[in-house]
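Here are some notes for a colleague who is meeting this structure for the first time.

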Amino acid sequence: MQSYRLNADRALEWVEGPTPAPGRGQVLVRVKATSLNSRDMVIANGLYPFPPLPNLIQLSDAAGVIEAVGPETTRFQVGDRVVNSFNPTWFGGPLRKVGRMYGTDIDGWLRDYAVVDEHALVSMPGHLSFEEAATLPCAALTGWSAVAGVGPGDSVLVQGSGGVSLFALQFALAAGARAIATTSSEAKAERLLGLGASDAVNYAETPDWGSVVRTLTDDRGVDLVVEVGGAATIPQSVEALALHGTISLVGHLGGAGQGMDLMPLSLRFATLRAIGVGSRSDLEEMNRVLSQHRIRPVIDRVFPFSDAPQAFGHFAHGSRFGKVVISH
């Protein structure tokens, strides 16, 4: 088995070892593709709020094919195409306790073979490639959960062109909502409009983009904001928000920012909710919608397995539109 572990210097290290065999209720997955998330950068930079165990294989998102099954395995057969659930022990309902997670408590997916519990996997949407399907466990499901409840007549604001924001835009449109996007360049604005956004606001040129969004909505504001910037951008998100609107907090890419004034949020009678990806049941429901609407993930770039360190570098420092994927 070939894999990449995060060593004591927080650098990816190539490791080889024997291919594991599945036990009772387990399956052997031939990993075909993985994808990167902001969480992976936070772990690699030593900034994760829960200190990870040393020398773990990285990455939480993968797609692959079942190559062997252990005794008493019933969910899958050899040859089935699968993706993993981001939280391997959250099967449905409210999350009451955070279990062991890939890359921090248990080995992740940046390897060619993995043995996992059969209940930690779901079937892969049939219209997607392995590279596309590898983007689903974290970013897609976070976007899905962030826009849960929106429908025809609603308006949604997504920030930027990262994986979560693009998935949220696609899911909002599939639900019949209007989607407005913020971005940092005209080139990205054109691509966002091509994906179906009704408008794209350049936040680099217009720091007061919240008021622009209000103008675009006839001063009503949007019903929901998918917030990826965190404290640094929430004031503008509140400005863009309609009365009784919702902010789905999924990231803190803008940094800590200054102390937040809660009065504007109160005057909007707004809801601020933190999004924690989703359960296996949520992932299965999302995959059904992906299949029905033939939604395809937006991929920025695919790196070969041998160039995994370069994929990390591109994610950290490159200008991205969509997901960064590693093909195994």
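1. Contact, as the word is used in these notes, means heavy atoms within 4.5 Å. The model is a predicted one, in which local features need pLDDT of at least 70 and side-chain atom pairs count only at pLDDT 80 or more, while totals for chains, interfaces and linings use all residues. Residues are numbered from 1 along each chain as its sequence is written, and side-chain values use heavy atoms, with hydrogens and water left out.

2. A nonpolar core is a set of buried Ala, Val, Leu, Ile, Met, Phe, Trp, Tyr and Cys residues joined through side-chain atoms within 4.5 Å, where buried means under 20% relative accessible area, exposed over 50% and partly exposed in between (1.4 Å probe, protein chains only). The largest such core has 47 residues, and Leu136, Val147, Val156, Phe171, Val226 and Met286 touch the most other members. Among the elements that each supply at least two residues of this core are β4 (61-69), α3 (136-146), β8 (155-159), α4 (163-174), β11 (222-227) and α9 (280-293); helices (H or I, at least four residues) and strands (E, at least two) are DSSP runs, numbered from the N terminus. A second, separate core of 22 residues includes Ile57, Leu59, Tyr113 and Val324.

3. Which residues of helix α10 are buried? In this helix, residues 308-317, they are Ala308, Ala311, Phe312, His314 and Phe315. Seen down the axis of α10, these residues fall within an arc of 165 degrees (taken from the directions from the helix axis to the C-beta atoms), so they line one face of the helix. Their cover includes β1 (2-6), β2 (12-16), α1 (38-44), β14 (299-304) and β15 (323-327).

4. Serine 248, in strand β12 (residues 241-249), counts as buried because its relative accessibility is 0%. Its side chain reaches the backbone oxygen of alanine 146 at 2.7 Å. Leaving aside neighbours within four places in sequence, serine 248 is in contact with Ala146, Leu224, Val225, Val226, Glu227, Arg273 and Ile275.

5. Strand β9 and strand β10 (residues 199-202) run parallel and are joined by four bridges, where two strands pair if DSSP finds at least two bridges between them. Alanine 181 has alanine 200 of β10 as its bridge partner. Together with helix α5 (residues 186-195), β9 and β10 make a right-handed β-α-β unit, right-handed meaning that, with the strands pointing away from the viewer, the path from the first strand over the helix to the second runs clockwise.

6. Leucine 53 belongs to the loop between α1 and β4 and, at 48% relative accessibility, counts as partly exposed. Although leucine 53 and glycine 103 are 50 residues apart in sequence, their C-alpha atoms are 8.2 Å apart in space. Leucine 53 also touches Thr104 and Asp105, not counting residues up to four places away in sequence.

7. Most residues other than glycine have a negative phi. Aspartate 218, in the loop between α6 (209-216) and β11, has a positive phi near 55 degrees and is exposed at 72% relative accessibility. Arginine 294, in the loop between α9 and β14, has a positive phi near 55 degrees and is exposed at 54% relative accessibility.

Definitions and conventions:
Polar contact = N/O pair within 3.5 Å; in protein donor to acceptor, adjacent residues only side chain to side chain.
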